Amino acid sequence: MKQLSKQKAKTLLEPVPYSQWLSAGRMLMPSGIHKHLLGSLSEVHWFLEPTSKSLPSIDFDRLADWLETTIKDKHIAGEVRHTAEVSSSYVETCKMVYELVGKRISEAEEVLNNAHS
Amino acid sequence: MSGKAGSTINRRTFLKALGAAGIAASAGGAILLPGNLLVMPHSEGFLVVDMGKCMGCGTCMTTCSLTHHGKASLSLSRIQIEQNSFANWPDDITMSICRQCKDAPCVSACPVNANHVDSENGMVRRIDPDRCIGCMQCIAACPYLPKRLQWDPVQRKVQKCDLCVDTPYLKEKGGPGNTQACVKVCPVGAIAFIDKMPDQKSPHGYEVNLRGKGWEKTGGSREDLHSKS
Amino acid sequence: MFGFTGKILHINLTTGTSKTIPTEKYKRWGGGHGMGSALFWDLCEDKTITDGRDSKNVVCIATSPFSGTNVPSAGGRCEVVGVGVGLYPVSWFTRSNFGGRFSATMKYAGWDAIVISGKAAQPVWLDIRNDSVNIRSAKDIWGKDTKTTQESIWQTVEEETETIDGWQQLPTPKGSGYSTQKPAVLAIGPAGENQVATACLVHDAGNGAGQGGFGAVWGSKNLKAISFYGTGSVEIADPAALVQARFDAKEFYAGDVDNPDASHWGPFGKPAKPVLFCDEPSKKRRTQSCQGCINGCRGRYDIGYGNEVSCQETSWYSSFAQKWVKGDKQKASAIIMRSGELCNRLGINTYPLGEGLHWLEHLYHEGLLGPDKAISSSLDWEKIGSPEFAEQFLQAIATGNDIGKDLIDGWVQAAYKWGREEDHKTGKLQFPYWGMPEHGYDPRAELEWGFETIMCDRDMNSHCFNWIFWQANISILFGQRPFLAADKLAEIVTSKLAPYVDSPAALDYSTPNMYSDDVMQLTRWHIHYSRFWKNSTLLCDFRWADLFNTHTPDSHGATGSEKAGEHVFWNAVTGDTMSLADGLEIGKQIWALDNAIWTLQGRHRDVVKFADYIYDQPFTKGELLPFFFWPCRDEKGEWHYQDVMRRSLDRDKFEDWKSRFYTLEGCDPETGWPTRTSLAAMDLAFVADELEKNQRIGKEG
């Protein structure tokens, strides 16, 4: 994997404008599925954080497309696509993508921190 | 006094009985000794509650009144759940049960032995409705608030928890060692029956922790409500 | 008269008088909704009104024979009916329902229902203590939130009642009665006082009659609160059978909180636990329930806020708050629980707020809403998600100021006022039926939810079949085979639907079968079941119908069972010999009576339709969820769980569906109006007379 550039790292961590937010939701039995709009990579991360209270509700194909075209990160988009394809279940995909996105955020933060030090 | 009753006295208690002339020499399983000393065997069963676990559904109350009276009522229930939905847990709910007191003042206070220690039914303190004259002295004698005896305005008699001995509308046998309707019906297991007398001195002697590991799994705390004293 | 108290209280606020109506005439309706509809029919002199704030409106709050008893998840529910506020395009005669202990206390005070007509000259509250009825000035509590109002009334009643030995003493016709309880109060907050369409009625901390805008109805009548305090009993025909059935419900069907098992399914089968869209604000809590519940769904906490806030109250602001605190779950929980509590205090129905606030946020980002914008609002929209914004926003809604000014008559009405009708048509504002938000279960996928809602008057909010969605989809989301295979589930569920359904095909929601007679019969069963068993006998929607339940060896739920079925409880309480199906027949009559009222209000089948996007756009749930699995048959007739997303309703086919539905319900398929023959067959000839007088009787087929 190529080292992230400082500019790229900055872009990855920036929130996107409202018009580019991604529709997702949360589901809770038996209340239903309720809208949750995602506006940044870090938001995707905490949105997917496992909790016993409810489940994230998201289409991973659309997430991958969004990561590629809006967040402009082909690498993580590819990883999400691959994960969704190989994982054993939707919930497993949620957990794995949560880890992947978290790792990607850490990488970006590290690049920025190193640039500042 | 029956042999069975005598054998269950594990710690004799002597009470100065009410001085009123005409008190019967025997109040069920209790015995009046010379010098107006009343021997009262321990009840063989007690209800204990977890005030932190109760849902406040009141099902114990309506089931209590149903099994005893055939009516659904809170006022006629022998267990009383009070709640304030705006108050903080655990103080939002108070569960008031008859303690089947060691030296039950309500039994001692009854002028006609209607309120008695039932030697046939595990020494439970209970009121014989046929003998109750509705004087309410037992209510006055109860040291707890709210009073653990209830006035039935229709029958004009007093009632109290009998651990389900006299439950014409319970299909199974009630009483100590058998079914207690409130225990059986509670959806969350916040009421339990025990045969060991709880601490009589502690204000929280009948309040126990009934929240097990399962409770924790559903997200609740198992922490004791009161530090043990 | 077992189960009933025998008396209904009628308050005329215009004249300041009360009278007692014998219950006998209304017994046939069972209680709750049916009784309320019949009382409305008799007491509302102008049934053509279409704004619940009209002083001619009559609102009825009704109990059932189950109220005040230990019938599982029924003893504390209460039904409200009357002409609503804020529905679109017409505010129909409608209903709402709430829990707690209000209905039980009403029964203990000796009343089966209370009917309110007219309008008070000044704000009042009703103080009912057993037989004593007083209309009192609400001068001191008008303007207060629902918590302060209730606490104030509790204090007033307590101060005026003698307390002896920890028991409150109340007069009864047979001497003194005693209670350790607090009066049960149903109140409006500022939203109701300001007659806001989304105003609700609130009882205790978290029981709200939300849908229908009944808070606005009360506000228009200058009615701040009703307080019941009672010391009586509910007479039961067969107490031993009732107690045994309640024991059996717990033993054979209910989830066990001490041994929770997430793999179990069925509404009875889950253990008591708060239903929250956020982390619990504290572990030091109880699961709290309505009176008589078998497994509660709310919490009370040690932290000074959030008591009884649950479900939708925790959903509407959830995504905004989480975004605001960048995913800090505990901080988000505090904001969510506090904002939910504020809704309850202000008396606001939270249901439209979630979908509605997403739409307002969209308008803000589009530059259409904000200070000096076409839709003027000076709220700090940049702080959406913060506690400060929640406070500002809710106050605006409740007082009808700022953005609340245009929302006062309803959300879809505001869209049209702002020239944003396209948003309603395209689904940007996802309010698919009767001016109400989509519930989370889109009509294009979960067919019965949409079909029933549109054939009635408001979001159906009836989860009987919805548990199927969860059973299938949660398992699939976790990569597991659903506990019950599709064919088995279809067989179990449809076996409970006699006499309407005689084939598992009724549960086949596949596209080729979606407009079939079988699915229609399932829909009819559900309307009639809900009209009677849920809304009239007042079984809680969260726990009934228990169609399938994995605690039992054959996975059959309590519904219709001889151990703990609906009819078992009904017969034990009332002494009747009713079957589950007999109740459905009453449900059918209730729908017929409701439809007659809607007809007088101006309903014609042509207005019975969804928002355009339900027909014009395939369902993708806003791309939220990757799939929506439901039991379906394939071309070979074999059952599978199949994704029913990515389809829309077909206008022509649905219109045909409606024609067949109206015919089966005894209505004229041309208009949807009831016919005399069908009404007479239901002993409702007097309804036909009224329709005929108004030239709105359906043509005979």
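**Strands, helices and a chain contact**

Strand β13 (residues 201–203) of chain C pairs with β14(C) in the antiparallel sense over three bridges, where strands are DSSP runs of E of at least two residues and helices runs of H or I of at least four, numbered from the N terminus, and where two strands pair if DSSP finds at least two bridges between them. Within this pairing, C:V202 stands opposite C:G208 in β14(C). This is a predicted model, in which local features need pLDDT of at least 70 and side-chain atom pairs count only at pLDDT 80 or more, while totals for chains, interfaces and linings use all residues. Residues are numbered from 1 along each chain as its sequence is written, and chains are lettered from A and ligands numbered from 1 in the order in which they are written.

The two strands belong to an open sheet of six strands in chain C, with the order β8-β7-β15-β12-β13-β14 and mixed pairing. Its edge strands, each pairing on one side only, are β8 (132–137) and β14 (207–209) of chain C. On average, and with direction ignored, neighbouring strands of this sheet are turned by 15 degrees against each other; axes here are lines fitted to C-alpha atoms, for helices over the stretch in contact, and angles run from 0 to 180 degrees between N-to-C directions. Helix α3 (residues 146–160) of chain C lies across β7 (124–129), β12 (184–187), β13 and β15 (223–229) of chain C, and runs at about 45 degrees to β15(C).

Elsewhere in chain C, helix α8 (residues 329–346) and helix α10 (residues 387–399) pack with their axes 10 Å apart and at an angle of about 15 degrees, which means that α8(C) is roughly parallel to α10(C), a term for angles under 35 degrees. Residues of α8(C), among them C:I335, C:R338 and C:L342, meet residues of α10(C) that include C:P387, C:E391 and C:L394, contact meaning that C-beta atoms, placed from the backbone, lie within 7 Å. The residues of this contact divide into eight nonpolar, one polar and two charged, with Ala, Val, Leu, Ile, Met, Phe, Trp, Tyr, Cys and Pro counted as nonpolar, Asp, Glu, Lys and Arg as charged, and the others, Gly among them, as polar.

Between chains, 54 residues of chain B are in contact with 64 residues of chain C. On the side of chain B that touches chain C, α2(B) gives the most, with six residues, and by class this side has 22 nonpolar, 23 polar and nine charged residues. Strand pairing also links the chains, as β6(B) and strand β16 (residues 234–235) of chain C pair in the antiparallel sense over two bridges, with C:V234 in β16(C) as the bridge partner of B:A72.

Terms used. Parallel < 35°, antiparallel > 145°, perpendicular 65-115°, else oblique. Contact = placed C-beta atoms within 7 Å.
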